[in-house]
Amino acid sequence: MARIIIIGGGAIGLSLAYHLGKRGADDVLLLERNQLTSGTTWHAAGIVGPLRATPNMTRLAMYAGELFPQLETQTGLATGYRETGGYWLARVPERMDELNRIAALGRHFGLHPHMIKPQTLASALPDVDASGLVGVMSVAEDASVNPVDLCMAYASAARRAGVEIREGVAVTALECVGDKVTGVRLSDGSVARADQVAICAGAWSKRLTDGVGVALPLQAVQHMYVVTEPMPGLSQPFPVLRDLDTGIYIKGDAGKLIIGGFEADAKCWDAFSPEGNRPFLEMAEDWDQFTPFMQAALNLIPALADTGIQHFMNGPESFTHDTRPLIGETPEMDGLFVAAGMNSVGVMSSAGIGRVLADWMLDGHPPMDLWEVDIARADARAATPAHMQSRMQEAVADQFTLHWPFKQPRAGRGLRKSALHDQWAAAGAEFGLTGGWERGLWYAKNAAERDLPYSVGAQPWQAIIKREAAIMQRGTALLDLSPFGKFDLSGRAALPLLNHLACAQIDVEIGRAVYTPLLNAAGGIEADVTITRTAADQFRLTSGAATRRRDLALLRRAAEGLNVTITDRTEVEVVIGVMGAGSRDTIKALSADNWDNFPFSTARTVTLAGVACTATRLSFVGDLGWELSIPAHHGPTVFSALASLGAEPMGHYALEACRIEKGFKHWGHELGPMISPLEAGLGFTIDWSKDFLGKAAVRKQRDQGLARRLVLMQLSGDPLVLHDEPIWQGTQIVGLTTSGGIGARTGLTLAFGLIDIKRDEPLAITSERAFEVEIADKRYAAKILTRPPYDPTGQRMRP
C-alpha cells in the first residue's frame with residue numbers, strides 16, 4: 001500500500017512527486033499510463049513567466065525562477081533554463097492601464113518590470129516592427145526552459161528522495177469508501193491502495209473524477225504553434241514576446257522562433273477518443289485556424305516573410321471554464337487531490353503548484369490563500385460537456401485578451417438562474433455572473449442603459465447605481481440575495497459543532513441570528529457566515545454564493561462522526577432583500593405580523609402576501625431592511641406584491657458600493673484563511689469565554705499585539721480602485737488594497753487595505769500616518785478612516 005499515489009507523469013505530477021519527496025513523504029508512487037511527459041508536457045513551448053495579475057499567482061509563478069536552476073545543481077541534469085527577458089506589447093491605450101497595474105505588483109514582489117516606449121523596443125530588438133504599439137512592458141525575469149529536460153530532472157530528484165515512478169501503468173478508476181478515497185484501480189484489474197490520491201493527468205483527469213461524482217470543469221482543445229527554420233542574425237538570446245492584443249506569443253529556440261497563440265473559438269478535442277490514448281500525440285496541421293496568428297507574427301517580425309516553417313505543432317491542451325487552474329482537495333471526496341487545467345502554462349506553473357499541493361497534502365491545509373485556483377470555486381454545473389465546449393469560445397483567448405475591470409463572460413451563460421430570474425429580467429436587469437449565478441448587476445430604465453461599454457476609468461453604470469441606492473433614502477429597494485449558500489444543520493451535535501467552528505457564541509435564544517467568522521486552527525477566517533438558531537438543535541447557516549461548494553465541504557468534514565444532518569437549501573428557496581427607509585411600511589402593507597417589534601439580528605416565520613416565509617432582520621447595505629427567505633415556487637407571488645407597492649430593484653454593483661462605504665468586509669477580498677478576526681477588525685464577534693477552533697492562535701495574537709491591520713481608506717481624486725494596488729508610506733510599500741469603489745450614497749472613492757503597523761498600534765495613531773495608493777502608475781493620497789463614512793452610528797440600519 002502506498003501512502004500517496006500520483007496519477008500522471010507530466011510536469012505537474014513530477015513536480016508534486018519531487019516536492020513530496022523533498023518533504024520526506026514516505027511511500028509515494030507515481031503512475032504514468034505511457035511514458036513520462038507523453039501527454040501534453042512534451043510539446044509545451046517552455047515559456048517561464050514569473051509575473052501574474054494577482055499576488056498569490058505571482059508568488060506561485062516566481063518559484064520557478066528559484067527552483068529550475070537548483071534542480072540542475074541537485075541532479076546534474078540540464079533543464080535548459082535561461083533568463084532571456086521578455087516584452088509585453090500593448091496596441092491599445094487601455095492595455096497600458098492593465099500593464100501598469102501588473103508592473104506595480106511585480107515590483108512589490110522584487111521583480112523588475114518597467115515600461116518602455118515602442119521606439120526603445122525597436123532599438124533593443126531590431127527584428128521587431130514596433131509600429132502600431134502604444135507601449136511596452138519589459139520584464140527582465142522572463143525565461144525559457146526545456147520541458148522534457150525539466151521533467152527528467154524532477155523525476156531524477158524524486159527517485160533519489162524515495163519516490164517510486166512506474167511507466168506504462170494506466171489508472172482506470174478511483175476506489176473509494178463513502179466520501180473517502182482508498183486507492184486506484186489499474187487497467188489489469190488490480191487495485192493499488194492509498195491514503196491520498198492526486199490526479200495530475202491534465203486533459204485526461206476528468207473521467208476519473210466523474211466516476212466518483214466530483215465535478216471538474218475541463219475541456220481539451222487543439223493548441224497550435226509553429227517552429228521556424230533557423231533565422232541568421234536573430235537576436236540572442238531572443239526574448240519572450242507577448243503581443244497581447246493580437247493573441248500571439250513568440251520565443252527563441254536555438255536560432256529559430258516558436259510562434260503560438262490563444263484564439264477565440266478554440267477547437268475542442270475529445271481526450272477520450274481512440275487517438276487520446278496515443279503517447280506524444282500530434283494532430284493534423286490546421287492553417288485555417290492558425291493563419292491569423294501567423295499574419296500577426298509577420299506584421300511584428302517582418303523577416304518571417306523570408307523564413308520557412310520547420311514544424312507545425314498541433315497538440316492537446318486542457319483549459320478550464322475561467323482560465324484558472326483547478327488545484328486542491330476535492331470538496332466531495334476526502335483524500336482526493338487535483339492539479340489540472342493548467343491552461344497551457346503547466347510547465348512554468350509546475351514548480352509553484354507542485355510545492356503548494358505537496359504542503360497541502362502533508363499538512364492538511366494549504367500553505368497560502370489559494371482560493372482563486374481552488375477546485376472548490378468551480379460550480380458543479382460548469383463541468384458539463386455542453387457548458388465547457390461553449391466556454392472554449394472565450395476561455396482560451398482569455399489568456400491574452402484585455403482583462404477589463406468588471407468584465408463579464410458572454411459564452412456559457414445561464415448556468416444558474418433563481419426562480420425569480422424572469423421577474424428580475426422584466427424589471428430591467430442587466431445580468432452578470434456572481435458565484436456562477438445570473439444576477440442583476442444594475443437595472444436599466446431604457447435601451448441606452450443596456451450593454452454598456454467597458455472602461456478602465458469611470459464606469460458608465462456609476463450614475464445608475466447611485467440612482468438605485470438613493471431609493472433607500474425614503475423608499476424600498478429589492479435585492480436579489482437568492483444565490484447565497486443556505487445550509488440547515490440539525491441534530492444533538494449541531495450546536496457543539498457550530499460553537500467549535502465559530503468564534504462567536506452560537507448558544508443563543510431561538511430566533512437569534514449571529515454574524516460570525518468560522519476559523520481554522522491558525523486563527524484564519526475559513527468562512528464568513530450568519531447562523532440563525534431556528535430550534536434547540538436546528539440552525540440555518542448562510543454564506544456567500546461563490547463559496548457554496550467550499551463551505552459545504554467544510555461543514556461536512558467538521559461533522560464527520562457526529563450526530564448532525566446537513567441539508568443544502570440553496571436552490572429550494574429564493575431570498576429577497578427588502579431594504580430602505582420605506583421597507584417596514586411596504587412589508588406591513590402585505591403582512592399582519594408585528595414588524596415594529598422586530599429587533600435587529602433576529603428571525604421569525606411570517607406570512608407575507610399570503611405566503612409563509614422566514615424574515616431575518618439583517619442588512620449588508622447599511623440600511624433598515626429584512627431578508628425574506630421564501631419557498632422558490634412562491635417567490636414570484638411575494639416579488640409581485642412588493643413591486644406593486646412601489647418597491648424598486650437594486651443591483652449587485654449598488655450593493656457592493658453600499659457595503660464598502662458602510663465598512664462591511666467580503667470573504668475572498670478582505671477576509672480569508674490567512675487573516676484573523678482581530679486583523680480584520682472583527683474582534684467584536686469573538687466570545688473569549690468559550691473554546692473554539694483557532695482560539696489559541698487568536699489569543700496569542702491578541703496578547704502579542706497586531707502587526708498588521710485591515711483599514712478603510714478614502715482616496716483623493718477619482719481613480720478606479722480594484723484590488724491588490726500597492727499602499728505606500730513614503731518610500732515603502734506597507735500593504736495592498738483588497739477591494740474598492742465609489743460609495744453609492746457618499747460619492748467617496750474608498751478602498752480597503754491590509755497594511756503593516758507597529759506592534760499593537762492603535763487605529764487612531766495609524767490614521768495619522770500619510771499613505772498613498774499606487775493605481776496604474778499614479779499615486780493618490782489616502783486617508784485612513786476611523787469610522788465608516790456612511791451612517792457611522794448605525795442609526796439607519798437599526799431604527
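Predicted model: local features only at pLDDT ≥ 70, side-chain atom pairs only at ≥ 80, totals over all residues.
Me: How do the axes of helix α1 and helix α2 cross?
Reply: The axes of α1, which spans residues 11-22, and α2, which spans residues 55-75, come within 14 Å and cross at roughly 75 degrees. Angles of 65 to 115 degrees count as roughly perpendicular, and therefore α1 is roughly perpendicular to α2.

Me: Which residues have the most contacts inside the largest nonpolar core?
Reply: The general idea is that in soluble globular proteins, nonpolar side chains tend to be buried together. Here the largest nonpolar core has 81 residues, and those with the most contacts inside it are Ile6, Leu16, Phe68, Leu71 and Tyr154. Helix α8, residues 346-363, supplies the largest share of this core, with nine residues. A second, separate core has 38 residues, including Cys503, Ile675, Ala751 and Ile755.

Me: What does leucine 16 touch, leaving aside residues up to four places away in sequence?
Reply: With those sequence neighbours not counted, leucine 16 touches Ile6, Ala198, Cys200, Gly354, Leu357, Ala358 and Met361.

Me: How should I read a strand such as β13, and are its faces buried or exposed?
Reply: In a regular strand the side chains alternate between the two faces of the sheet. For β13, one side carries Leu218, Ala220, Gln222, Met224, Val226 and Thr228, the other carries Gln219, Val221, His223, Tyr225 and Val227, and all of these are buried, so that both faces are covered. Because 11 of the 11 residues of β13, residues 218-228, are buried, this strand is largely enclosed by the rest of the structure.

Me: Which strand is joined to β13 by 11 bridges, and which by three?
Reply: The 11 bridges join β13 to strand β18, residues 309-320, and the two run antiparallel; in that pairing, threonine 228 has isoleucine 309 of β18 as its bridge partner. Three bridges join β13 to strand β16, residues 256-261, again in the antiparallel sense, and tyrosine 225 has glycine 260 of β16 as its bridge partner.

Me: How many bridges link β13 and strand β17?
Reply: Two bridges link β13 and β17, residues 268-269, which pair in the antiparallel sense, and alanine 220 stands opposite tryptophan 269 in β17.

Terms used:
Residues numbered from 1 in each chain as written. Heavy atoms only, no water. Core = buried A, V, L, I, M, F, W, Y, C linked by side-chain atoms within 4.5 Å. Buried < 20%, exposed > 50% of the residue type's maximum accessible area, 1.4 Å probe, protein only. Helix = DSSP H or I, 4+ residues; strand = E, 2+ residues; numbered from the N terminus. Contact = heavy atoms within 4.5 Å. Axes fitted to C-alpha atoms, helices over the stretch in contact; angles between N-to-C directions. Parallel < 35°, antiparallel > 145°, perpendicular 65-115°, else oblique. Pairing = 2+ DSSP bridges.
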